Amino acid sequence: MARYDLNVGDTALVLIDMQERFLQAVPGIAEDQPCGRACRQLLLAAKLLGVPTTITEQYPKGLGPTLGHLLAANPDATRLEKMHFSCGDEPRLRAHLDALHRTNVVLCGIEAHVCVLHTAADLIAQGRNVVIAADGVASRQDAHRDAALAAMRDLGALLVPAESIAMRLTRVAGTPLFKQISALIK
């Protein structure tokens, strides 16, 4: 990514597979854990800012729905099922993202070394700018997450904290919207 130029008119947020059945294997996605908190902050900020948000669910019949605290944070988000690991390989998801006409895509979710990495690679190959909420991704093993973050950076994704993303989209302090966004990250 040549520039860190996120703006609400050209950015979409994708939350990947933060589902109930993963909670025991990836405890960091819980509401009171770092990844769960960062994803919730991004969902709330996107809702306040009007950034289109997509929530993916990998085989929800077997893995359950998205965690309740995340659904509650942005209930108007588009929810789409998938079977492919990459959102870019899933026909309905790819068509949905294409229809949004957004150059910048912010990714968060699990597992970093599979679905998030594969999605980032495919979106970058399609010419999109990909920003990873580095504190908003997790894997069953920290080493897998860390390797995936390095790989995504090598592919051209920008890795920054969720707070940085929310503030970049907000752009200016001292407004009522800024006060709402800053309250989310305290």
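Me: What space lies in the largest cavity here?
Reply: About 50 Å³, and bear in mind that this is a predicted model. A search of the whole structure turns up one cavity of 30 Å³ or more.

Me: What makes this space a cavity rather than a pocket?
Reply: A cavity is a space where a 1.4 Å probe fits but cannot get out, whereas a pocket is open. The space of about 50 Å³ is classed as a cavity, so by that definition the probe cannot get out of it.

Me: Which elements give two or more residues to the lining of the largest cavity?
Reply: Strand 1, helix 1 and helix 7. Among the lining residues are Thr 11, Leu 42, Ala 45, Ile 165, Ala 166 and Leu 169. By class, the lining has 10 nonpolar, one polar and no charged residues.

Me: Why are helix 1 and helix 7 called roughly parallel?
Reply: Their axes cross at roughly 10°, and angles under 35 degrees count as roughly parallel. That makes helix 1 roughly parallel to helix 7. The axes come within 9 Å. Helix 1 brings residues including Ala 38 and Gln 41 to the contact, and helix 7 brings residues including Ala 162 and Thr 170. The contact has eight nonpolar, two polar and no charged residues.

Me: What about helix 5 and helix 6: how do you know which way they run relative to each other?
Reply: Set their crossing angle of roughly 5° against the cut-off of under 35 degrees, and helix 5 and helix 6 are therefore roughly parallel to each other. Their contact includes Val 116 and Leu 117 of helix 5 and Arg 145 and Met 152 of helix 6. The tally for this contact is 10 nonpolar, two polar and one charged residues.

Me: Why do strand 3 and strand 6 stand at the edges of the sheet?
Reply: The six strands form an open sheet in the order 3-2-1-4-5-6, with parallel pairing. Strand 3 (78-82) and strand 6 (158-160) each have a single partner strand, so one side of each is left without a neighbour in the sheet. Neighbouring strands are turned by 25° against each other on average, direction ignored.

Me: How do you know that strand 2 and strand 3 pair?
Reply: Pairing takes at least two bridges. Strand 2 and strand 3 have five bridges, in the parallel sense, so they qualify. Glu 57, for instance, has Glu 81 of strand 3 as its bridge partner. Helix 4 packs on the sheet, touching strand 1, strand 2 and strand 3.

Methods:
Residues numbered from 1 in each chain as written. Predicted model: local features only at pLDDT ≥ 70, side-chain atom pairs only at ≥ 80, totals over all residues. Heavy atoms only, no water. Axes fitted to C-alpha atoms, helices over the stretch in contact; angles between N-to-C directions. Helix = DSSP H or I, 4+ residues; strand = E, 2+ residues; numbered from the N terminus. Parallel < 35°, antiparallel > 145°, perpendicular 65-115°, else oblique. Contact = heavy atoms within 4.5 Å. Nonpolar A, V, L, I, M, F, W, Y, C, P; charged D, E, K, R; others polar. 1 Å grid on protein atoms, 1.4 Å probe; cavity = no way out; pocket = protein on both sides within 12 Å on 5 of 7 lines; lining within 4 Å. Points joined across faces, edges and corners; volume = space filled by probe spheres on them.
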